[in-house]
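Biologist: Please show me the model. I would like to ask what stands behind each label.

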Amino acid sequence: MNPREYARNILEETVLNHGFASLLLRKQSGFSTRDHALISEIVYGTLRSWTFLQYQWEDLVNTKVRPKTAVLLNMAVYQLLYMDRIPAYAVISESVDLASKKEQKFVNAVLRKVSARGMKQAHGDTPLETAALQYSHPLWIMNLWKAHYGEETAIRIAEHDSTRACVYGRINTLKAKKEELEQIPEVHFVNDISFTYDGILTDSDIFREGKAVIQDIASAMIPQYLDVMPGMSVLDVCAAPGTKTQETAMFMQNQGKILAGDLYEHRVKLIGSLMERAGVSIVTAQVRDGIACSDTDSYDRVLIDAPCSGLGDLRGKPEIRLHTKPEDLDELVRTQKALLENNGRLVRPGGVLVYSTCTLNRKENEGQIQNYLKGHPEFTLVKEKTFFPFEMNSDGFYAAVLAKK
């Protein structure tokens with residue numbers, strides 16, 4: 001199977017069967033580093049620009065297009081418009097080869113028209129509609145952001161989501177010092193613990209040896225809000241895959257105890273695997289239903305990195321734009337509320353509860369915390385922050401720190 005055929009298959013599985021591109025891409029094997037990069041570029045680029053790509057050819061056809069053919073056309077148009085190093089004739093030829101015999105002439109004709117016309121500029125009735133089309137975001141998400149953060153911020157978020165995601169590393173100070181990593185030419189620190197890396201970090205010695213983990217720069221700021229110290233007891237409610245758990249253990253200098261729970265056994269295994277590679281011995285990873293469990297132990301710190309709509313990570317997980325519906329958010333809000341109710345009670349007097357999400361939606365963030373505080377006067381809001389993705393080239397996050405009296 002050649003790289004473009006493989007990319008096409010991943011796109012079909014992602015778009016038509018609600019798969020997740022990142023998980024599907026991890027399964028690929030037998031490709032060179034160069035082909036791996038090509039596959040990733042085609043897959044993520046096509047997903048990030050999905051609506052805009054379809055806009056490029058929809059007016060050129062007068063018949064209903066099969067979903068699989070639409071996937072192929074979008075993938076080809078992305079290469080035609082955004083990947084300059086690939087000649088147009090080669091893109092068209094290979095795309096035609098990937099089409100069914102019955103549709104090869106159709107695919108050839110459509111792609112030749114797109115190539116001849118060039119990029120068709122987005123045009124909507126309002127600036128927000130234009131941005132939704134230009135940056136391939138559902139209009140309902142754009143309207144939600146406009147209502148919550150203002151039109152200018154909404155458009156800036158969408159524009160940022162259309163760019164390539166930046167992969168950040170985060171130092172593990174249990175195994176390495178910053179000064180050691182700074183001596184590596186490929187490592188470029190952006191703050192005290194996070195860095196960018198020239199090349200593929202997972203292929204590096206510092207990753208294999210557990211001296212560094214892959215973690216978004218905003219994500220890496222969440223455990224800092226716990227303000228932990230060595231010897232404390234911590235509950236990480238929704239811990240998998242364990243990057244925040246490991247970072248918390250790192251700040252505790254691997255002294256104390258952390259209970260890291262998650263709902264599914266295969267995800268709990270990810271936590272254990274990371275702790276082993278990172279040299280962490282104070283974490284107990286277990287299958288734990290954060291909503292239904294009836295624990296009685298109390299903790300100095302509780303972290304609820306809640307399941308959410310993921311609207312802060314539409315650059316790294318662009319398929320969320322295609323799969324998520326407005327009604328999905330209401331169910332998530334109920335889940336988040338239940339997690340707060342069941343785990344906030346486990347914070348010791350004088351302790352701290354940190355609630356975080358990787359979404360940009362006040363109903364899941366500020367609104368969730370305001371409602372919780374109304375029913376729990378024993379807590380006070382110390383601080384809260386929304387990390388907009390365009391501010392430091394990161395994912396979008398929200399964090400709230402609540403202190404228990």
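**Labels and cut-offs**

Modeller: Start with lysine 211. Its relative accessible area is 18%, so lysine 211 is buried. Buried means under 20% relative accessible area, exposed over 50%, and partly exposed in between (1.4 Å probe, protein chains only).

Biologist: What kind of model is this, and what do the values use?

Modeller: This is a predicted model: local features need pLDDT of at least 70, side-chain atom pairs count only at pLDDT 80 or more, and totals for chains, interfaces and linings use all residues. Residues are numbered from 1 along each chain as its sequence is written, and side-chain values use heavy atoms, with hydrogens and water left out.

Biologist: What makes lysine 211 and glutamate 180 a salt bridge?

Modeller: The N to O distance is 2.7 Å. A salt bridge needs a side-chain nitrogen of Lys or Arg within 4 Å of a carboxyl oxygen of Asp or Glu. So the side chains of lysine 211 and glutamate 180 qualify. The pair links distant parts of the chain, 31 residues apart: lysine 211 is in the loop between helix 12 (205-208) and strand 4 (212-214), glutamate 180 in helix 11. Helices (H or I, at least four residues) and strands (E, at least two) are DSSP runs, numbered from the N terminus.

Biologist: Why is glutamate 180 called partly exposed?

Modeller: Its relative accessibility is 36%, so glutamate 180 counts as partly exposed.

Biologist: How do you know that aspartate 192 and lysine 178 form a salt bridge?

Modeller: Their closest N and O atoms are 3.8 Å apart. The limit is 4 Å, so the pair passes. Aspartate 192 sits in the loop between strand 2 (187-189) and strand 3 (194-197), and lysine 178 is in helix 11 (residues 178-182), 14 residues apart. At 61% relative accessibility, aspartate 192 counts as exposed. Lysine 178 is at 24%, so lysine 178 counts as partly exposed.

Biologist: How many salt bridges does the structure hold?

Modeller: The structure holds 19. One of them joins aspartate 59 and lysine 120, with the closest N and O atoms 3.6 Å apart. Aspartate 59 lies in the loop between helix 4 (50-57) and helix 5 (67-82), and lysine 120 in the loop between helix 7 (104-117) and helix 8 (127-134). They are 61 residues apart. Asp59, Arg117 and Lys120 are linked in a network of salt bridges.

Biologist: Why is the pair of phenylalanine 388 and phenylalanine 390 called stacked?

Modeller: The centres are 5.7 Å apart, with 10° between the planes. Rings of Phe, Tyr and Trp (its six-membered ring) pair if their centres lie within 6.5 Å; planes under 30 degrees apart count as stacked, over 60 as edge-to-face and the rest as tilted. Therefore this pair is stacked. Phenylalanine 388 and phenylalanine 390 are both buried. Tyr149, Phe388 and Phe390 form one aromatic cluster.

Biologist: What makes the charged end of arginine 277 sit over the ring of phenylalanine 207?

Modeller: The charged end is 4.2 Å from the ring centre. The rule asks for NZ of Lys or CZ of Arg within 6 Å of the ring centre and within 35 degrees of the ring normal. Lysine 385 sits over the ring of phenylalanine 387 by its charged end, 5.3 Å from the centre.

Biologist: How many disulfides are there?

Modeller: The count is zero. A disulfide is a pair of cysteine sulfur atoms within 2.5 Å. For cysteine 358, the nearest cysteine sulfur is that of cysteine 308, 3.5 Å away, so cysteine 358 is in no disulfide. Cysteine 358 is partly exposed, with a relative accessible area of 22%.
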